[in-house]
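Here is a short report on one protein chain. Look at the structure first, then read on.

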Amino acid sequence: MDKTIAIDYQEYDSVNELSCEDYALMQRAIGATEGAYAPYSGFCVGAALRLKDGAVIVGSNQENVAYPSGLCAERTAIFAASAQYPQCRDYEALAIVGRNAEGCLCEASPCGACRQVLSEYEHVQNHPLRVICYLEGGRVRVFLSVKNLLPFSFDF
């Protein structure tokens, strides 16, 4: 039997079309690219996670010569939030942006490992975590739930 999966997401032609809160979150993610340690790939990624109370935790990718000992920006941000706010598992939105070796902003999307980690945190908090991805040319894609990024995640 054939089945179909529908993915709910929104696209914007510019970051300027985002809500004030999401625009500010994307700006924090852009700033977080400065904290990346990416001497091997030259690809810096910044992530900013907004909690329901308005707190924002940032993360950036951290590479290591002993690959895969590094860590992606998304997991850096969500693990830091969990460590800093152990009683709060109320994450609203995560913004992600890349910066290439030439220093230009570019598209970034969570890898499979990050999608699985985000999926678990979304499951634990029992409400959707929106994922806001910067796209080429300043466009933006907003996934309304991590389930739309990883529809067949590991079961809990």
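## Cysteines

A residue counts as buried under 20% relative accessible area, as exposed over 50%, and as partly exposed in between. This model is predicted. C104 has 43% relative accessibility, so C104 is partly exposed. C20 has 71%, so C20 counts as exposed.

What about disulfides? A pair of cysteine sulfur atoms must lie within 2.5 Å to count as one. The model has 0 disulfides by this rule. C104 is in none: its nearest cysteine sulfur belongs to C106, 8.2 Å away.

## A buried arginine

R50 sits in strand 2, which runs over residues 44–51. Is R50 buried or exposed? R50 is buried, because its relative accessibility is 7%.

A polar atom of the R50 side chain lies 3.2 Å from the backbone oxygen of E21.

## Nonpolar cores

In soluble globular proteins, nonpolar side chains tend to be buried together. Here the largest nonpolar core has 25 residues. L49, L51, I78, Y91, I96, L129 and V131 have the most contacts inside this core. At least two core residues come from each of strand 2, helix 2 (73–84), strand 4 (91–99), helix 3 (112–125) and strand 6 (130–134). Helix 2 gives the largest share, 5 residues.

Take I78. Leaving aside neighbours within four places in sequence, I78 is in contact with L49, Y91, V117, L118, Y121 and L129. A second, separate core has 14 residues, including M26, A29, A93 and I132.

Note on methods: Residues are numbered from 1 along each chain as its sequence is written. This is a predicted model: local features need pLDDT of at least 70, side-chain atom pairs count only at pLDDT 80 or more; totals for chains, interfaces and linings use all residues. Side-chain values use heavy atoms; hydrogens and water are left out. Buried means under 20% relative accessible area, exposed over 50%, partly exposed in between (1.4 Å probe, protein chains only). Helices (H or I, at least four residues) and strands (E, at least two) are DSSP runs, numbered from the N terminus. A polar contact is a pair of N or O atoms within 3.5 Å; within protein, one must be able to donate a hydrogen and the other to accept it, and residues adjacent in sequence count only if both atoms are side-chain atoms. A nonpolar core is a set of buried Ala, Val, Leu, Ile, Met, Phe, Trp, Tyr and Cys residues joined through side-chain atoms within 4.5 Å. Contact means heavy atoms within 4.5 Å.
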